[in-house]
Amino acid sequence: MNGTEHSDSIHETLVAYGAPLVSWKPVRHMSLEQALVHGLGLSHGHPALFRVLPLVLLRNAEALDWERLRALARDASVAAELGLMVELTAKAVGRPELMHGVSALRLPPDGALRFFHEPRSEFGRELVRQRTPPVAKRWGFWLDMSEDSVRALVQKHGAWRRGTQYCLSQQLRDS
């Protein structure tokens, strides 16, 4: 499988698990945990992919094998990315219980932050530095994605909560 085919299989699997990516059909090529880890790896070069991963997490949180997810993330060197995505999502939608899934992950040592998505200019770099939420800094990243943007995405696309049949976007509108 070449790089494009592998990328397509990751996108198709994420769509099958609920990612709103319109250019791919929903086909499960791998487990949910593998798809999330591979998606995190690809997302450094694809900001739109990182933005939909919280929806996949929320729509499938009850089915996740958190121990396997953590192990796969460590093996793929995306444990900090996983911690960031889960904590950002948990804070954005008021689901602190999601943090239990990544509590065993270690925060990176204090030091230099790295850009999650490389800005195209010095102006872009400065803008990202100004907009980075504290949760991203805790996990060692400069990131132009706030809790508000995650919340807005969830409201727009909806995400099932705890296996019940109501939409999180409706709950957020009502609060």
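The legends below describe several close-up views of a predicted model.

**View 1**
The chain contains 9 helices and 2 strands. Of the 175 residues in the chain, 47% are buried. Among contacts with a separation of 6 or more, 64% are between residues 24 or more positions apart.

**View 1. The packing of helix H2 against helix H3.**
Two packed helices are described by the angle between their axes and the distance between the axes. Helix H2 covers residues 32-43 and helix H3 covers residues 47-60. Their axes come within 9 Å and cross at roughly 160°. An angle over 145 degrees counts as roughly antiparallel, and H2 and H3 are therefore roughly antiparallel to each other. The crossing of H2 past H3 is left-handed. On the H2 side, the contact is formed by Leu 32, Leu 36, Gly 39, Leu 40, Leu 42 and Ser 43. On the H3 side, the residues are Pro 47, Leu 49, Phe 50, Leu 53, Val 56 and Asn 60. By class, the contact of H2 with H3 holds 9 nonpolar residues, 3 polar residues and no charged ones.

**View 2. Leu 36 and its surroundings.**
Leu 36 belongs to helix H2. With a relative accessible area of 1%, Leu 36 is buried. Leaving aside residues up to four places away in sequence, Leu 36 touches Leu 14, Leu 53, Val 56, Leu 64, Leu 69 and Met 85. One of these partners, Leu 53, is 17 residues from Leu 36 in sequence, and their C-alpha atoms are 7.2 Å apart.

**View 3. The packing of helix H4 against helix H5.**
Helix H4 spans residues 66-75 and helix H5 spans residues 79-93. The axes of H4 and H5 are 7 Å apart, and the angle between these helices is about 135°. That angle makes H4 oblique to H5. H4 contributes Trp 66, Leu 69, Arg 70, Ala 73 and Arg 74 to the contact, while H5 contributes Ala 79, Leu 82 and Val 86. The contact of H4 with H5 has 6 nonpolar residues, 2 charged residues and no polar ones.

In soluble globular proteins, nonpolar side chains tend to be buried together. The largest nonpolar core in this model has 49 residues. Phe 50, Leu 82 and Met 85 have the most contacts inside this core. At least two core residues come from each of H1 (3-16), H2, H3, H4, H5, H7 (134-138) and H8 (147-157). H5 supplies the largest share of the core, 10 residues. Beyond residues up to four places away in sequence, Leu 82 touches Leu 40, Leu 69, Arg 70, Ala 73, Val 102 and Leu 105.

**View 4. Arg 125 in helix H6.**
Arg 125 lies in helix H6, which runs over residues 122-131. The relative accessible area of Arg 125 is 22%, and this residue is partly exposed. Not counting residues up to four places away in sequence, Arg 125 touches Phe 115, Glu 118 and Pro 119. Leu 143 is 18 residues from Arg 125 along the chain, with 9.8 Å between their C-alpha atoms.

How values were computed. Residues numbered from 1 in each chain as written. Predicted model: local features only at pLDDT ≥ 70, side-chain atom pairs only at ≥ 80, totals over all residues. Heavy atoms only, no water. Axes fitted to C-alpha atoms, helices over the stretch in contact; angles between N-to-C directions. Helix = DSSP H or I, 4+ residues; strand = E, 2+ residues; numbered from the N terminus. Parallel < 35°, antiparallel > 145°, perpendicular 65-115°, else oblique. Left-handed = near helix turned anticlockwise from the far one by under 90°. Contact = heavy atoms within 4.5 Å. Nonpolar A, V, L, I, M, F, W, Y, C, P; charged D, E, K, R; others polar. Core = buried A, V, L, I, M, F, W, Y, C linked by side-chain atoms within 4.5 Å. Buried < 20%, exposed > 50% of the residue type's maximum accessible area, 1.4 Å probe, protein only.
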